[in-house]
Amino acid sequence: MQEYVLMLVGTALVNNVVLVKFLGLCPTMGTSGKVETALGMGMATTFVMTLSSVLAWAIESALLAPFELGFLRTLTFILVIAAVVQFTEMVVRRVSQPLYQALGIFLPLITTNCAVLGVALLNVQEGHGFIQSLLYGFGSAFGFSLILIVLAGLRERVALADVPAPFAGAPISFVIAGLLSLAFMGFAGISTR
Amino acid sequence: MLTAVGSLTVLGITLGTLLGIAAKYLAVQGDALEAELEGLLPGSNCGQCGFAGCKAAAAALAAGNAQVTLCPPGGRAVAATLAAKMGHAFDAGGTAEAEPLVAFVHEGRCIGCSRCIQKCSSDGIVGAPKQIHTVLSDACHGCGKCVSECPTEGIEMMPIPVTLATWHWHKPAPQAIDTRAKAEA
Amino acid sequence: MKLFRIRGGVHVEHRKELSSEQAIVTLPLPAWLYIPLQQHIGAPAEPVVVEGDVVLKGQLLAKAGSAVSAPLHAPTSGRIAQIGDWMAPHPSGLTQRTIILESDGRDQWCEPLLPIDDPFAADAKTIAARAAECGLVGMGGAAFPTAVKLDLGTRIKLDTLVINGAECEPYLTCDDRLMRERTDEVLDGVRIMAHALGVERIVVAIETNKPQALAIMTQAVAAGGWSKITVTGIPARYPMGSERHLVHVLTGRETPARKLTADIGVVVHNVATARAVHHAVRHGRPLVARVMTVSGQAVRRPQNIEVPLGTLVAELIDHCGGLTEPPARLLSGGPMMGQPLPGRKVPVIKGTSGILALSAVELHGGPVQPCIKCGTCVSVCPCGLVPLEMASYIRKDRLDAAAKIGVQDCVGCGSCAYACPAHIPLVHYFNYAKGRLSAQEREQRKRDRIKRLAVARADRMEKIAKAKREAMAARKAAAKKPEAVAGSAQA
């Protein structure tokens with residue numbers, strides 16, 4: 001039990017997928033303009049990441065490991081992720097048309113989010129079981145969403161300030177993300193091994 | 001080798017089938033976007049956007065064949081609401097708001113031919129044959145069709161005059177000012 | 001009497017010593033008077049006289065333009081020289097339709113209306129009708145037609161009438177002097193208004209920086225034996241005189257946003273309005289003059305003057321000894337909420353409580369610096385808004401976001417701008433935002449109207465075309481029939 005809690009805290013905060021592992025920066029920067037968009041994107045990515053982590057574990061244990069098809073790992077994982085993202089797109093479009101419009105191209109781009117593939121591959125590398133894969137995927141996604149929302153809140157406030165022209169938009173957002181990353185280094189003292 | 005190809009094929013077919021079934025159950029009904037966009041446009045069918053009326057403009061917007069800035073009478077306000085409906089960000093800075101104009105009939109030149117009345121899509125001109133015509137500025141949306149129609153060039157587009165009821169303070173200057181200095185006009 | 005605390009507000013130097021000990025004097029009759037047709041909230045008045053007419057003092061010059069409007073009366077006897085455009089006492093410098101009256105020097109009153117013998121036996125409608133006929137409006141500055149606020153008792157349940165003797169704006173002392181010198185007239189008007197409104201409780205609120213007024217009013221109420229009236233001192237804190245905040249201090253009830261104080265059972269009237277009601281009801285005299293304060297260090301002799309409406313500010317200042325220096329600010333009203341005047345050749349109107357000519361040393365402000373979100377403005381806002389947030393949205397043209405956090409509920413008191421350590425012109429931002437939002441609403445209403453007109457026209461054209469087609473078809477059918485008959489007859 002404690003192991004699972006530690007895993008969640010570890011993946012969400014200590015080894016945060018965006019600020020510590022530096023994965024998935026493109027969708028982070030692309031959808032952290034407004035808090036509503038960030039929330040929507042976070043929820044979509046959580047769904048995708050958790051589901052694909054579990055499916056990837058299933059593929060690994062049922063297909064790739066027994067038949068020694070390790071070389072097919074990247075291919076099959078991407079296939080699974082793409083299918084899950086397609087499904088998520090359909091759900092979002094059905095549930096909330098404005099959110100679908102707001103996310104735009106970033107929704108299908110979750111397929112190419114290196115964090116999703118990265119988490120799936122890390123699960124294999126760490127040799128996680130079913131529950132562990134599930135929690136690892138969910139925890140990472142939760143951390144991703146958290147950073148997305150925090151960054152969106154900060155960017156909304158910075159948009160109201162007098163940012164010098166060369167820094168306006170993406171540059172100042174990266175500076176803020178960098179400062180957040182520094183802050184999250186504070187968690188490094190917590191051992192989760 | 002065979003297991004690799006075979007397993008990939010099976011995986012592909014399974015996922016594809018599942019997605020196909022999902023697509024059927026999660027299908028989205030016809031695009032209500034066009035109707036909503038049409039509701040946001042002024043609806044006076046003036047044609048300044050280049051399309052044959054507001055319905056055609058809404059269709060073009062929904063299809064992505066037109067910009068949100070297509071409507072001059074709507075101005076920045078309508079462009080912003082269109083952008084919000086379509087989920088785009090709208091940068092107002094790049095566009096200059098065209099000053100709204102209303103038509104004005106120079107009574108000395110009016111011959112009462114009523115050709116302008118035929119053209120006005122919002123009943124903005126009152127007049128009868130051989131009587132002097134006048135424009136109801138509250139009903140004029142500034143399309144300018146009456147101007148080209150008048151045979152004596154008796155109609156001119158003019159800016160709407162500011163009155164005590166419509167005047168408001170300007171935006172404070174962004175650069176550093178001294179609030180103790182002589183008040184600007 | 002138990003008082004409640006309001007949030008926010010600022011302590012300003014009241015600077016009333018310049019004019020508080022000056023007894024009310026009457027301005028000598030000016031030769032020319034300029035009476036604008038819009039001196040009140042509501043529709044402008046409509047002239048009933050034409051150029052060349054000879055009028056007597058108090059004669060009707062313009063009738064009320066709508067249900068929420070007020071008539072205008074001649075401030076003196078004379079001849080109507082012109083009805084045209086004259087510069088309005090408004091920061092825009094725009095002109096408005098004004099009746100220009102040339103005085104004949106005789107100052108002859110017309111036949112007054114019949115006094116209402118026993119106002120306490122008359123009903124609310126009669127008293128309100130008299131107030132309407134005499135052109136009474138709120139004299140605190142807002143100039144809302146008093147008649148509308150006098151028969152509210154017939155429509156809404158009311159329990160308290162509050163008489164606003166707070167005069168929280170610095171420099172202004174006209175209400176103070178009125179309470180000291182015209183005590184009986186004020187109290188009579190108060191009692192008449194209370195009767196019209198049907199309230200059980202009357203509270204006269206006076207700021208504690210006016211001890212003589214407090215003493216005199218308390219004494220007069222005690223002498224008259226009117227137990228329903230309570231005279232109470234309230235702390236001298238700006239903006240105590242604001243209607244909503246005054247009601248909160250006295251009753252503990254907060255008026256909901258976008259609602260009136262009447263909706264929580266309280267009506268507020270100014271002391272000068274009460275005096276005007278007394279004159280209208282007891283003597284049948286319409287509103288043709290008012291007491292105002294002329295003050296500021298740039299004026300040689302600050303004083304409180306009874307001025308005929310329509311007097312030019314230039315004449316008023318000349319009577320007070322003229323200017324000692326070119327004023328850094330020329331204001332109508334107080335320094336916190338007063339409007340800058342575009343010049344001195346503008347007339348004073350019913351809502352002008354004071355004319356201030358301030359010199360540079362009297363101004364409070366400085367070079368504008370960036371906002372560091374210190375939050376001083378938040379702690380002083382009496383309406384509980386967040387000025388720094390609203391201003392940062394308005395700076396970036398996000399007026400909808402500013403409206404969402406309540407910029408329309410701002411009363412414009414100026415506490416935030418006064419308290420801001422960076423001297424940011426906050427009230428200017430909010431007035432700009434309110435103005436632009438109103439303009440946007442107006443444009444939206446116009447677009448809706450034009451859409452209705454365009455649709456109606458399209459329908460009409462369609463109907464005409466259809467009728468034409470049907471008539472054509474009927475005619476064709478009728479043309480065929482006689483041929484058939486003729487054909488058969490021939491056959």
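Q: What share of the 491 residues of chain C count as buried?
A: 53% of them. Buried means under 20% relative accessible area, exposed means over 50%, and partly exposed is in between, with a 1.4 Å probe and protein chains only.

Q: What kind of model is this, and what are the conventions?
A: This is a predicted model: local features need pLDDT of at least 70, side-chain atom pairs count only at pLDDT 80 or more, and totals for chains, interfaces and linings use all residues. Residues are numbered from 1 along each chain as its sequence is written, chains are lettered from A and ligands numbered from 1 in the order in which they are written, and side-chain values use heavy atoms, leaving out hydrogens and water.

Q: Back to chain C. What does its C-alpha trace span?
A: About 115 × 65 × 50 Å along its principal axes. The chain has 13 helices and 17 strands. These are DSSP runs numbered from the N terminus: helices are H or I with at least four residues, strands are E with at least two.

Q: Switching to chain B. What is the order of its elements?
A: From the N terminus, α-α-α-α-β-α-β-β-α-β. That is 6 helices and 4 strands. Of its 185 residues, 29% are buried.

Q: Which residues of H4(B) are buried?
A: B:Gly75, B:Val78, B:Ala79, B:Leu82, B:Ala83 and B:Met86.

Q: How far does H4 of chain B reach?
A: 17 Å from first C-alpha to last, over 12 residues (75-86). That is close to the 16 Å expected at 1.5 Å a residue. The expected span is 1.5 Å times one less than the number of residues.

Q: What does C:Arg447 touch?
A: B:Pro42, B:Pro73, B:Gly74, B:Ala77 and B:Val78, not counting residues up to four places away in sequence. C:Arg447 is found in helix H13 (residues 426-490) of chain C.

Q: Is C:Arg447 buried or exposed?
A: Buried, with a relative accessible area of 13%.

Q: How is chain B divided into domains?
A: Domain 1 is 32-94 and domain 2 is 101-159. The bounds come from an automatic or database domain assignment. Their C-alpha centres lie 27 Å apart.

Q: How much area do the two domains of chain B bury between them?
A: About 370 Å², 45% of it on carbon and sulfur atoms. Buried area is the accessible area (1.4 Å probe) two parts lose on being put together, summed over both. B:Ser44, B:Cys46 and B:Gln48 supply 83% of what domain 1 of chain B buries against domain 2 of chain B.

Q: And how much do chains B and A bury between them?
A: About 1,500 Å², 79% of it on carbon and sulfur atoms. There, 18 residues of chain B are in contact with 20 of chain A.

Q: Which residues of chain B lose the most area to chain A?
A: B:Leu8, B:Leu19 and B:Leu26, together 32% of what that side buries.

Key
Contact means heavy atoms within 4.5 Å.
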